[in-house]
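Please examine the sequence and the structure below before reading on.

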Amino acid sequence: MTSAGSRSRSISFAPRGSMMPRFSTAALALLLTWIFPSSGLYFHIGETEKKCFIEEIPDDTMVIGKYRTQLFDKQTNSFLPATPGLGMHVEIKDPDTKIILSRQYGSDGRFTFTSHTPGEHQICLHSNSSKLALFAGGKLRVHLDVQVGEHTNNYPEIAAKDKLSELQLRARQLLDQVEQIQKEQNYQRYREERFRMTSESTNQRVLWWSIAQTVILIVTGIWQMKHLKSFFEAKKLV
């Protein structure tokens with residue numbers, strides 16, 4: 001997820017040293033990112049400010065977002081839980097900029113949507129501007145956590161509902177992870193195909209532009225030769 005705010009979940013890296021420890025830590029970080037794709041962060045917004053984030057999501061994938069707000073208190077110089085009268089408006093757009101969710105929530109909320117088109121989805125949040133006294137020129141801190149794919153499943157609840165044993169529940173988790181990996185692979189193929197089409201289109205345009213430049217240069221050269229010939233003949237130089 002892309003944002004100018006600070007992430008509440010950070011990964012610590014080893015101190016500088018040999019190349020092998022740094023490579024292992026980076027590989028571990030990439031592995032953790034692949035296994036746990038949920039992202040948690042917090043950001044600050046003003047009264048009418050809007051914050052948008054980009055999340056790359058495969059098709060037919062459920063996404064659950066949870067947020068909670070804190071209002072800055074000048075007396076204590078700290079962020080306190082926001083009052084219930086403060087609301088947040090959540091707007092979700094698919095890669096075709098089509099709005100798939102637009103709803104007003106409270107100071108703490110949870111939103112859910114399912115992607116139907118693979119690609120970059122835009123998640124925008126902004127506070128309601130009807131409660132001007134709540135801000136009084138202050139700022140709001142929003143903690144946002146987005147979970148994608150199988151991480152949206154509540155496995156303890158599923159195990160209690162379906163009466164699954166620990167082994168059956170683990171098998172269910174593995175099947176969900178495999179399904180999500182397949183969706184990610186399909187999405188990467190989709191991106192590769194679009195990139196290839198863009199590259200071919202760009203190469204074709206460059207080729208035609210080069211041909212057009214060559215034709216223009218040839219036509220211009222022929223015209224200049226004819227013009228100079230007629231000029232010399234008019235001056236009786238040839």
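Glutamate 200 and arginine 196 are both part of helix α4, four residues apart, about one turn of the helix; helices (H or I, at least four residues) and strands (E, at least two) are DSSP runs, numbered from the N terminus. This is a predicted model, in which local features need pLDDT of at least 70 and side-chain atom pairs count only at pLDDT 80 or more, while totals for chains, interfaces and linings use all residues. Residues are numbered from 1 along each chain as its sequence is written, and side-chain values use heavy atoms, with hydrogens and water left out.

Glutamate 200 and arginine 196 form a salt bridge, their closest N and O atoms being 3.4 Å apart; the term denotes a side-chain nitrogen of Lys or Arg within 4 Å of a carboxyl oxygen of Asp or Glu. Glutamate 200 is partly exposed at 46% relative accessible area, and arginine 196 is partly exposed at 42%. Here buried means under 20% relative accessible area, exposed over 50%, and partly exposed in between (1.4 Å probe, protein chains only). Helix α4 also holds aspartate 176 and arginine 172, four residues apart, about one turn of the helix, and their side chains meet in a salt bridge of 3.6 Å, N to O. In this pair aspartate 176 is buried, with a relative accessible area of 13%, whereas arginine 172 is partly exposed at 30%.

How many salt bridges does a search of the whole structure find? The search finds five, including one between lysine 93 and glutamate 91, with the closest N and O atoms 3.9 Å apart. Lysine 93 is partly exposed at 25% relative accessibility, while glutamate 91 is buried at 15%.

The structure also holds three aromatic pairs. Rings of Phe, Tyr and Trp (its six-membered ring) pair if their centres lie within 6.5 Å; planes under 30 degrees apart count as stacked, over 60 as edge-to-face and the rest as tilted. The ring centres of phenylalanine 43 and phenylalanine 53 are 5.0 Å apart and the planes stand at 55°, so this pair is tilted. Because phenylalanine 43 lies in strand β2 (residues 39-45) and phenylalanine 53 in strand β3 (residues 50-57), the pair ties together parts that are ten residues apart in sequence. Both phenylalanine 43 and phenylalanine 53 are buried. The rings of tyrosine 67 and tyrosine 105, with centres 6.5 Å apart and planes at 80°, are edge-to-face. Tyrosine 67 belongs to strand β4 (residues 62-73) and tyrosine 105 to strand β7 (residues 99-105), so this pair ties together parts that are 38 residues apart in sequence. Tyrosine 67 and tyrosine 105 are both buried.

A polar atom of the threonine 69 side chain lies 2.8 Å from the backbone oxygen of serine 107.

Finally, Leu207, Trp208, Ile211, Val215 and Val219 make a nonpolar surface patch of about 490 Å². Patches are made of residues with over 30% relative accessible area and no salt bridge: like charges are joined within 9 Å, nonpolar side chains (Val, Leu, Ile, Met, Phe, Trp, Tyr) within 5 Å. Valine 219 is found in helix α4 (residues 166-234).

Methods
Accessible areas come from the Shrake-Rupley method with a 1.4 Å probe; for residues, only the protein chains shown count as cover. A polar contact is a pair of N or O atoms within 3.5 Å; within protein, one must be able to donate a hydrogen and the other to accept it, and residues adjacent in sequence count only if both atoms are side-chain atoms.
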